Amino acid sequence: LKIDSLAIEIGYGLVGIVDVQQGGDFLNRIRSIRKQIAQDLGIIVPPVNITDNLKLGPRQYSILLKGVEIARGELMPEKFLAINPGNVTEQIAGTPTNEPTFGLPAIWITKENRERAQTLNYTVVDPPTVLATHLTETIRRHARDLLGRQEVQGLLDVIKPTHPSVVETLVPNLLPLGTVQKVLQNLLAEGVSIRDLALILEALADSAPATKDPV
């Protein structure tokens, strides 16, 4: 059975956020997230499959990487999340919680309290934005796990027409594909973009005669 590289499972209470027929725009947000990650990190994020899961609570969602849960959160679809960035001047009424991406203290508030919360220095976001932020940061944290050998080969194929000599010199003559993959994974794990892949490959070609250690 085919396993999605990235997937989101949602409880039935959150279907309205992703269902276009109910006014949900989350699919458009995913397109923007994939484009932004490609620009920032230089990797192609695979399509994100969204399904409902009756095993989850009605307001819960789960982010999965290759079938394994890597993040989970809970939303209140009819409310707004007021996040305390640390300089709130007064507490506001609502349901206390923690913002799921960074664990910051937050409060679910009604739409009517949105403007007042902003005047008290809360950062106020709607549920789709909470989910989009959580998905974005989760992808960034697990970027190295999305870069398999097939994905690396795809990146090499993209730059080969414009940089044929560096690609043909490096792989497989100086380094096997697996070693190049490990180097790129290590860079992503350190938060380093691999968008300028030609420059990275040139550095590897210069260093390969001296060492084959990806670290």
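Trainee: Does Thr136 count as buried or exposed?
Mentor: This is a predicted model, in which local features need pLDDT of at least 70 and side-chain atom pairs count only at pLDDT 80 or more, while totals for chains, interfaces and linings use all residues. Residues are numbered from 1 along each chain as its sequence is written, and side-chain values use heavy atoms, with hydrogens and water left out. The classes rest on relative accessible area, with buried under 20%, exposed over 50% and partly exposed in between (1.4 Å probe, protein chains only). Because its relative accessibility is 16%, Thr136 counts as buried.

Trainee: In which element is Thr136, and which residues does Thr136 touch beyond four places in sequence?
Mentor: Thr136 has its place in helix H4, where helices (H or I, at least four residues) and strands (E, at least two) are DSSP runs numbered from the N terminus. With contact taken as heavy atoms within 4.5 Å, and residues up to four places away in sequence not counted, Thr136 touches Ile33 and Ile37.

Trainee: What span does H4 reach from its first C-alpha to its last?
Mentor: H4 covers residues 127-141, which is 15 residues, and its buried residues include Val130, Leu131, Leu135 and Ile139. The expected span of a helix is 1.5 Å times one less than its number of residues. For H4 that expectation is 21 Å, and the model comes close to it, with a reach of 21 Å.

Trainee: Which residues does Leu135 contact, leaving aside neighbours within four places in sequence?
Mentor: Leu135 also lies in helix H4, and it counts as buried because its relative accessibility is 1%. Ala7 is 128 residues away from Leu135 in sequence, yet the two C-alpha atoms are 9.9 Å apart in space. Beyond those sequence neighbours, the contacts of Leu135 are Ile8, Phe26, Ile30, Ile33 and Ile63.

Trainee: How far apart in space are Thr136 and Thr101, C-alpha to C-alpha?
Mentor: Thr101 has its place in the loop between strand S6 (95-98) and strand S7 (105-109), and it counts as buried because its relative accessible area is 5%. Not counting residues up to four places away in sequence, Thr101 touches Val130, Thr133, His134, Glu137 and Arg141. Although Thr136 and Thr101 are 35 residues apart in sequence, their C-alpha separation is 9.2 Å.

Trainee: Which side chain makes a polar contact with that of Thr101?
Mentor: A polar contact is a pair of N or O atoms within 3.5 Å; within protein, one must be able to donate a hydrogen and the other to accept it, and residues adjacent in sequence count only if both atoms are side-chain atoms. At 3.0 Å, the partner of the Thr101 side chain is that of Glu99.

Trainee: Where is the backbone of Lys66 placed, and what is its phi?
Mentor: Lys66 lies in the loop between strand S3 (60-65) and strand S4 (68-74), and it counts as partly exposed because its relative accessibility is 46%. Although Lys66 is not a glycine, its phi is positive, at about 55°.

Trainee: What is the phi of Asn121?
Mentor: Asn121 has its place in the loop between helix H3 (114-119) and strand S8 (123-125), and it is partly exposed because its relative accessible area is 32%. Asn121 is not a glycine either, but its phi is positive, at about 80°.

Trainee: What is the omega of the peptide bond from Val171 to Pro172?
Mentor: Pro172 lies in the loop between helix H6 (164-170) and helix H7 (177-189). The bond from Val171 to Pro172 is cis, with omega near 5°.

Trainee: How far apart in space are Thr110 and Glu78, C-alpha to C-alpha?
Mentor: Thr110 has its place in the loop between S7 and H3, and it is partly exposed because its relative accessible area is 31%. Thr110 and Glu78 are 32 residues apart in sequence, and their C-alpha separation is 7.6 Å.

Trainee: For the protein as a whole, what share of contacts between residues at least 6 apart in sequence joins residues at least 24 apart?
Mentor: The protein has eight helices and eight strands, and of its 215 residues, 41% count as buried. Its C-alpha atoms fill a box of roughly 65 × 45 × 25 Å along the principal axes. Among the contacts in question, the share joining residues at least 24 apart is 69%.
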